[in-house]
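This report looks at selected side-chain arrangements in one protein chain. The sequence and the structure come first, and the commentary follows.

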Amino acid sequence: MILQNAASTILRPVLGSLGGMALCVIGQGAQAEPALPDTTPRSAVVSAFQPEWLALQANLEDRREHVVNGTVFLTGTIEAKPVVLFLSGISMVNAAMTTQLALDRFTIDRIVFSGIAGGVDPDLKIGDVVVPSAWSQYLEAVFARETPGGYQLPPFADRSANFGMIFPQSVEIARGKAEPERKTWFPVDAKLLEVAKATAAATELAQCTADNRCLSHRPKVVVGGNGVSGQAFVDNKAFREYTARTFDASVLDMESAAVAHVAYANGTPFIAFRSLSDLAGGGDGENEMQTFFQLASENSAAVVRAFLKAMP
(Lines give C-alpha, C1' and ligand atoms only; values in the text may rest on other atoms or scores of the structure.)
Protein backbone atom coordinates (compact mmCIF):
# COMPACT_ATOMS: atom_id res chain seq x y z
CA MET A 1 0.00 0.00 0.00
CA ILE A 2 2.93 2.33 -0.49
CA LEU A 3 3.50 4.50 -3.54
CA GLN A 4 6.51 3.19 -5.44
CA ASN A 5 8.58 6.36 -5.30
CA ALA A 6 7.63 6.84 -1.66
CA ALA A 7 8.56 3.28 -0.81
CA SER A 8 12.25 3.81 -1.49
CA THR A 9 12.27 6.74 0.93
CA ILE A 10 9.74 5.70 3.56
CA LEU A 11 10.47 1.99 3.73
CA ARG A 12 14.24 1.84 3.14
CA PRO A 13 15.06 1.79 6.87
CA VAL A 14 12.16 -0.56 7.55
CA LEU A 15 13.01 -3.12 4.90
CA GLY A 16 16.77 -2.91 5.18
CA SER A 17 16.93 -5.60 7.85
CA LEU A 18 14.60 -7.79 5.78
CA GLY A 19 16.53 -7.44 2.55
CA GLY A 20 18.86 -10.39 3.04
CA MET A 21 16.04 -12.69 4.09
CA ALA A 22 13.83 -11.55 1.22
CA LEU A 23 16.59 -12.12 -1.32
CA CYS A 24 17.03 -15.62 0.07
CA VAL A 25 13.31 -16.26 -0.29
CA ILE A 26 13.17 -14.98 -3.83
CA GLY A 27 16.50 -16.08 -5.18
CA GLN A 28 16.95 -19.66 -4.00
CA GLY A 29 15.42 -22.90 -5.16
CA ALA A 30 13.51 -21.57 -8.18
CA GLN A 31 12.60 -24.47 -10.43
CA ALA A 32 12.10 -24.64 -14.16
CA GLU A 33 8.47 -24.33 -15.12
CA PRO A 34 6.61 -27.28 -16.65
CA ALA A 35 5.06 -26.72 -20.05
CA LEU A 36 1.50 -27.06 -18.75
CA PRO A 37 -0.12 -24.80 -16.13
CA ASP A 38 -0.50 -26.00 -12.56
CA THR A 39 -3.84 -27.86 -12.38
CA THR A 40 -4.29 -28.23 -8.60
CA PRO A 41 -7.20 -26.02 -7.45
CA ARG A 42 -5.75 -23.45 -5.06
CA SER A 43 -6.51 -20.33 -3.08
CA ALA A 44 -4.33 -17.48 -4.36
CA VAL A 45 -3.05 -15.60 -1.31
CA VAL A 46 -1.65 -12.22 -2.30
CA SER A 47 0.44 -9.69 -0.39
CA ALA A 48 1.81 -6.35 -1.53
CA PHE A 49 5.19 -6.08 0.20
CA GLN A 50 7.70 -8.37 1.86
CA PRO A 51 6.74 -8.34 5.57
CA GLU A 52 3.16 -9.35 4.68
CA TRP A 53 4.43 -12.15 2.44
CA LEU A 54 6.96 -13.48 4.93
CA ALA A 55 4.35 -13.63 7.70
CA LEU A 56 2.33 -16.08 5.60
CA GLN A 57 5.29 -18.23 4.56
CA ALA A 58 5.94 -19.32 8.14
CA ASN A 59 2.96 -21.68 7.87
CA LEU A 60 3.48 -22.87 4.29
CA GLU A 61 4.05 -26.62 4.01
CA ASP A 62 5.11 -28.72 0.99
CA ARG A 63 6.64 -25.59 -0.45
CA ARG A 64 7.62 -25.39 -4.10
CA GLU A 65 8.89 -22.29 -5.91
CA HIS A 66 7.89 -21.23 -9.41
CA VAL A 67 9.20 -18.22 -11.32
CA VAL A 68 6.92 -16.82 -14.01
CA ASN A 69 7.90 -13.64 -15.86
CA GLY A 70 10.19 -12.73 -12.96
CA THR A 71 7.48 -13.17 -10.30
CA VAL A 72 8.01 -15.82 -7.61
CA PHE A 73 4.98 -18.00 -6.81
CA LEU A 74 5.10 -20.39 -3.85
CA THR A 75 2.77 -23.39 -3.92
CA GLY A 76 2.00 -25.65 -0.99
CA THR A 77 -0.54 -25.86 1.79
CA ILE A 78 -1.59 -23.68 4.73
CA GLU A 79 -3.88 -25.34 7.27
CA ALA A 80 -3.98 -28.34 4.87
CA LYS A 81 -5.51 -26.18 2.11
CA PRO A 82 -3.74 -25.87 -1.26
CA VAL A 83 -2.49 -22.32 -1.84
CA VAL A 84 -0.27 -20.28 -4.09
CA LEU A 85 1.39 -17.31 -2.38
CA PHE A 86 2.83 -14.39 -4.29
CA LEU A 87 4.01 -10.85 -3.83
CA SER A 88 1.96 -8.52 -6.00
CA GLY A 89 4.24 -5.54 -5.69
CA ILE A 90 3.09 -2.20 -4.37
CA SER A 91 0.23 -0.21 -5.94
CA MET A 92 -2.56 -0.79 -8.41
CA VAL A 93 -0.83 -1.71 -11.68
CA ASN A 94 1.51 -4.19 -10.02
CA ALA A 95 -1.38 -5.81 -8.15
CA ALA A 96 -3.53 -6.15 -11.27
CA MET A 97 -0.67 -7.47 -13.40
CA THR A 98 0.52 -10.16 -10.98
CA THR A 99 -3.01 -11.27 -10.12
CA GLN A 100 -3.85 -11.84 -13.78
CA LEU A 101 -0.54 -13.68 -14.19
CA ALA A 102 -1.50 -16.01 -11.32
CA LEU A 103 -4.93 -16.66 -12.84
CA ASP A 104 -3.35 -17.48 -16.21
CA ARG A 105 -0.70 -19.81 -14.77
CA PHE A 106 -2.49 -21.57 -11.87
CA THR A 107 -5.91 -23.08 -11.21
CA ILE A 108 -7.38 -20.52 -8.80
CA ASP A 109 -10.62 -21.16 -6.88
CA ARG A 110 -10.54 -17.88 -4.95
CA ILE A 111 -8.29 -14.86 -4.38
CA VAL A 112 -7.43 -13.79 -0.83
CA PHE A 113 -5.49 -10.59 -0.10
CA SER A 114 -3.54 -10.30 3.16
CA GLY A 115 -1.81 -7.09 4.12
CA ILE A 116 -1.66 -3.79 5.95
CA ALA A 117 -3.67 -0.62 5.36
CA GLY A 118 -4.51 2.83 6.65
CA GLY A 119 -7.53 3.25 8.89
CA VAL A 120 -10.32 5.61 7.84
CA ASP A 121 -13.17 4.84 10.25
CA PRO A 122 -12.38 6.73 13.50
CA ASP A 123 -13.76 3.80 15.51
CA LEU A 124 -10.97 1.53 14.23
CA LYS A 125 -7.49 1.38 15.75
CA ILE A 126 -4.02 0.20 14.80
CA GLY A 127 -3.74 -3.59 14.74
CA ASP A 128 -7.43 -4.14 13.94
CA VAL A 129 -8.12 -6.40 10.95
CA VAL A 130 -10.82 -5.20 8.55
CA VAL A 131 -12.59 -7.43 6.01
CA PRO A 132 -14.65 -5.07 3.81
CA SER A 133 -17.67 -6.31 1.86
CA ALA A 134 -16.92 -4.06 -1.15
CA TRP A 135 -14.02 -2.14 -2.69
CA SER A 136 -13.80 0.98 -4.84
CA GLN A 137 -11.03 2.64 -6.85
CA TYR A 138 -11.56 6.00 -5.23
CA LEU A 139 -8.77 7.82 -7.06
CA GLU A 140 -10.21 7.06 -10.50
CA ALA A 141 -11.02 10.72 -11.06
CA VAL A 142 -11.21 13.86 -13.14
CA PHE A 143 -9.02 16.74 -12.01
CA ALA A 144 -11.37 19.58 -12.92
CA ARG A 145 -10.59 22.91 -14.54
CA GLU A 146 -10.88 25.79 -12.07
CA THR A 147 -12.84 28.78 -13.40
CA PRO A 148 -14.20 31.96 -11.83
CA GLY A 149 -17.57 30.20 -11.60
CA GLY A 150 -16.18 27.09 -9.93
CA TYR A 151 -14.85 23.75 -11.10
CA GLN A 152 -15.69 22.88 -14.70
CA LEU A 153 -15.87 19.22 -15.69
CA PRO A 154 -15.68 17.80 -19.22
CA PRO A 155 -19.02 16.62 -20.67
CA PHE A 156 -18.30 12.92 -20.08
CA ALA A 157 -17.58 13.29 -16.36
CA ASP A 158 -19.93 12.88 -13.42
CA ARG A 159 -20.18 15.73 -10.93
CA SER A 160 -19.55 13.62 -7.85
CA ALA A 161 -18.66 14.61 -4.29
CA ASN A 162 -15.27 16.26 -4.75
CA PHE A 163 -12.13 17.00 -2.78
CA GLY A 164 -11.14 20.32 -4.28
CA MET A 165 -10.45 19.73 -7.97
CA ILE A 166 -10.67 15.93 -7.59
CA PHE A 167 -13.99 14.46 -8.76
CA PRO A 168 -14.14 10.63 -8.37
CA GLN A 169 -15.48 8.66 -11.34
CA SER A 170 -16.61 5.09 -11.93
CA VAL A 171 -14.28 2.63 -13.65
CA GLU A 172 -14.98 1.67 -17.26
CA ILE A 173 -14.58 -2.05 -17.99
CA ALA A 174 -14.28 -3.26 -21.59
CA ARG A 175 -16.82 -5.91 -22.60
CA GLY A 176 -15.73 -6.99 -26.06
CA LYS A 177 -18.33 -5.95 -28.64
CA ALA A 178 -20.81 -4.93 -25.94
CA GLU A 179 -20.97 -1.47 -24.44
CA PRO A 180 -18.31 -0.89 -21.76
CA GLU A 181 -19.54 -1.43 -18.22
CA ARG A 182 -19.17 1.37 -15.68
CA LYS A 183 -18.61 0.22 -12.13
CA THR A 184 -17.87 2.00 -8.84
CA TRP A 185 -17.96 -0.86 -6.31
CA PHE A 186 -16.58 -4.38 -6.56
CA PRO A 187 -18.35 -6.61 -4.02
CA VAL A 188 -16.51 -9.29 -2.10
CA ASP A 189 -17.77 -12.85 -2.58
CA ALA A 190 -20.71 -13.37 -0.19
CA LYS A 191 -19.80 -16.96 0.72
CA LEU A 192 -16.21 -16.04 1.53
CA LEU A 193 -17.45 -13.14 3.66
CA GLU A 194 -19.63 -15.55 5.66
CA VAL A 195 -16.61 -17.77 6.36
CA ALA A 196 -14.70 -14.68 7.51
CA LYS A 197 -17.54 -13.74 9.87
CA ALA A 198 -17.62 -17.23 11.33
CA THR A 199 -13.89 -17.21 12.12
CA ALA A 200 -13.40 -13.57 13.16
CA ALA A 201 -14.23 -13.80 16.86
CA ALA A 202 -12.05 -16.86 17.46
CA THR A 203 -8.82 -15.37 16.08
CA GLU A 204 -6.34 -14.02 18.61
CA LEU A 205 -4.50 -10.90 17.43
CA ALA A 206 -1.14 -9.56 18.59
CA GLN A 207 -1.05 -6.49 20.81
CA CYS A 208 2.73 -5.99 21.08
CA THR A 209 5.60 -5.78 18.61
CA ALA A 210 8.68 -8.00 18.85
CA ASP A 211 10.53 -5.19 20.66
CA ASN A 212 7.69 -4.81 23.18
CA ARG A 213 6.01 -1.70 21.82
CA CYS A 214 2.47 -2.46 22.89
CA LEU A 215 -0.86 -1.03 21.85
CA SER A 216 -3.09 0.30 24.62
CA HIS A 217 -6.03 -1.69 23.22
CA ARG A 218 -6.70 -5.27 22.18
CA PRO A 219 -7.01 -5.40 18.35
CA LYS A 220 -10.21 -6.82 16.89
CA VAL A 221 -11.51 -8.22 13.60
CA VAL A 222 -14.26 -6.23 11.84
CA VAL A 223 -16.12 -7.87 8.94
CA GLY A 224 -18.15 -5.68 6.57
CA GLY A 225 -18.15 -2.07 5.43
CA ASN A 226 -16.28 -0.47 2.54
CA GLY A 227 -12.65 -0.35 1.49
CA VAL A 228 -11.03 1.94 -1.08
CA SER A 229 -7.77 1.68 -3.02
CA GLY A 230 -5.69 4.08 -5.09
CA GLN A 231 -2.20 5.02 -6.19
CA ALA A 232 -1.44 7.35 -3.27
CA PHE A 233 -0.01 6.75 0.19
CA VAL A 234 -2.42 8.79 2.34
CA ASP A 235 -1.17 10.53 5.48
CA ASN A 236 -3.53 13.50 5.47
CA LYS A 237 -6.26 14.12 8.03
CA ALA A 238 -8.52 16.19 5.76
CA PHE A 239 -8.38 13.66 2.92
CA ARG A 240 -8.98 10.81 5.37
CA GLU A 241 -12.12 12.55 6.61
CA TYR A 242 -13.28 13.20 3.05
CA THR A 243 -12.81 9.51 2.22
CA ALA A 244 -14.82 8.43 5.24
CA ARG A 245 -17.59 10.91 4.44
CA THR A 246 -17.80 10.35 0.67
CA PHE A 247 -17.24 6.59 0.41
CA ASP A 248 -18.29 5.52 3.91
CA ALA A 249 -14.92 3.77 3.93
CA SER A 250 -13.42 1.92 6.87
CA VAL A 251 -9.99 1.40 5.38
CA LEU A 252 -7.80 2.48 2.46
CA ASP A 253 -4.87 0.85 0.71
CA MET A 254 -3.08 0.73 -2.64
CA GLU A 255 -3.96 -2.69 -4.09
CA SER A 256 -7.17 -4.42 -2.97
CA ALA A 257 -9.61 -2.76 -5.38
CA ALA A 258 -7.30 -3.50 -8.31
CA VAL A 259 -7.27 -7.19 -7.37
CA ALA A 260 -11.04 -7.09 -6.87
CA HIS A 261 -11.36 -5.62 -10.39
CA VAL A 262 -9.28 -8.45 -11.91
CA ALA A 263 -11.21 -11.05 -9.91
CA TYR A 264 -14.50 -9.59 -11.16
CA ALA A 265 -13.34 -9.60 -14.78
CA ASN A 266 -12.33 -13.26 -14.45
CA GLY A 267 -15.38 -14.38 -12.47
CA THR A 268 -13.20 -15.46 -9.52
CA PRO A 269 -14.35 -15.09 -5.87
CA PHE A 270 -12.37 -12.45 -3.95
CA ILE A 271 -11.88 -11.31 -0.36
CA ALA A 272 -9.31 -9.05 1.35
CA PHE A 273 -8.03 -8.95 4.93
CA ARG A 274 -6.36 -5.69 5.88
CA SER A 275 -4.80 -4.90 9.25
CA LEU A 276 -4.27 -1.26 10.21
CA SER A 277 -0.64 -0.20 10.46
CA ASP A 278 -1.51 3.50 10.65
CA LEU A 279 -4.48 5.87 10.62
CA ALA A 280 -3.84 7.58 7.25
CA GLY A 281 -3.17 10.93 8.90
CA GLY A 282 -5.71 10.57 11.68
CA GLY A 283 -3.24 9.95 14.50
CA ASP A 284 -2.11 12.56 17.00
CA GLY A 285 1.61 12.27 16.14
CA GLU A 286 3.64 11.18 13.12
CA ASN A 287 2.60 8.29 10.91
CA GLU A 288 2.78 5.05 12.89
CA MET A 289 3.41 2.65 10.00
CA GLN A 290 7.13 2.09 10.62
CA THR A 291 6.37 1.09 14.22
CA PHE A 292 3.44 -1.23 13.64
CA PHE A 293 3.77 -2.63 10.08
CA GLN A 294 5.11 -5.98 11.34
CA LEU A 295 2.40 -6.38 13.99
CA ALA A 296 -0.27 -5.50 11.43
CA SER A 297 1.19 -7.92 8.87
CA GLU A 298 1.13 -10.76 11.40
CA ASN A 299 -2.42 -9.95 12.53
CA SER A 300 -3.69 -10.05 8.96
CA ALA A 301 -1.85 -13.33 8.34
CA ALA A 302 -3.35 -14.84 11.52
CA VAL A 303 -6.88 -14.09 10.35
CA VAL A 304 -6.14 -15.44 6.87
CA ARG A 305 -4.83 -18.70 8.36
CA ALA A 306 -8.00 -19.08 10.42
CA PHE A 307 -10.07 -18.30 7.33
CA LEU A 308 -8.26 -20.93 5.24
CA LYS A 309 -8.65 -23.51 7.99
CA ALA A 310 -12.41 -22.91 8.04
CA MET A 311 -12.76 -23.17 4.26
CA PRO A 312 -14.53 -26.41 3.17
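## A lysine over two rings

Lys 183 lies over the face of Phe 186, at 5.8 Å from the ring centre. The charged end of Lys 183 also sits over the ring of Tyr 264, where the distance to the centre is 4.6 Å. These values, like the others below, come from a predicted model.

## Aromatic pairs

A pair of aromatic rings is described by the distance of the centres and the angle of the planes. When the whole structure is searched, 13 aromatic pairs are found. One of them joins Phe 49 and Phe 293, whose rings are tilted, with 50 degrees between the planes and 6.2 Å from centre to centre. Because Phe 49 belongs to the loop between strand S1 (41-47) and helix H4 (50-57), while Phe 293 belongs to helix H9 (residues 289-310), this pair ties together parts that are 244 residues apart in sequence. Phe 49 counts as buried, at 4% relative accessibility, and Phe 293 is buried as well, with a relative accessible area of 9%.

Phe 73 and Phe 106 make a further pair, which is tilted because the planes of the rings stand at 50 degrees, with the centres 5.2 Å apart. This pair, too, links distant parts of the chain, since Phe 73 lies in strand S3 (residues 71-78) and Phe 106 in the loop between helix H5 (92-105) and S5, 33 residues apart. Both Phe 73 and Phe 106 are buried.

## Helix H7 and its buried side

Which residues of helix H7 (residues 237-247) are buried? They are Phe 239, Arg 240, Tyr 242, Thr 243 and Phe 247. Because these residues cover an arc of only 160 degrees around the axis, they lie on the same side of H7. The elements that cover the buried residues of H7 include strand S5 (107-119), strand S7 (134-137), strand S11 (166-168), strand S14 (185-187), strand S16 (226-229) and strand S17 (249-253).

Phe 239, Tyr 242 and Phe 247 also belong to a cluster linked by ring pairs, together with Tyr 138, Phe 163 and Trp 185.

## The two ends of H7

At the start of H7, Asn 236 places a side-chain oxygen within 3.2 Å of the backbone nitrogen of Ala 238. Just after H7, the backbone of Asp 248 takes a positive phi of about 50 degrees.

Terms used
Residues numbered from 1 in each chain as written. Predicted model: local features only at pLDDT ≥ 70, side-chain atom pairs only at ≥ 80, totals over all residues. Heavy atoms only, no water. Buried < 20%, exposed > 50% of the residue type's maximum accessible area, 1.4 Å probe, protein only. Helix = DSSP H or I, 4+ residues; strand = E, 2+ residues; numbered from the N terminus. Arc of directions from axis to C-beta. Contact = heavy atoms within 4.5 Å. Polar contact = N/O pair within 3.5 Å; in protein donor to acceptor, adjacent residues only side chain to side chain. Phe/Tyr/Trp six-rings, centres within 6.5 Å; stacked < 30°, edge-to-face > 60°. Lys NZ or Arg CZ within 6 Å of the ring centre and 35° of its normal.
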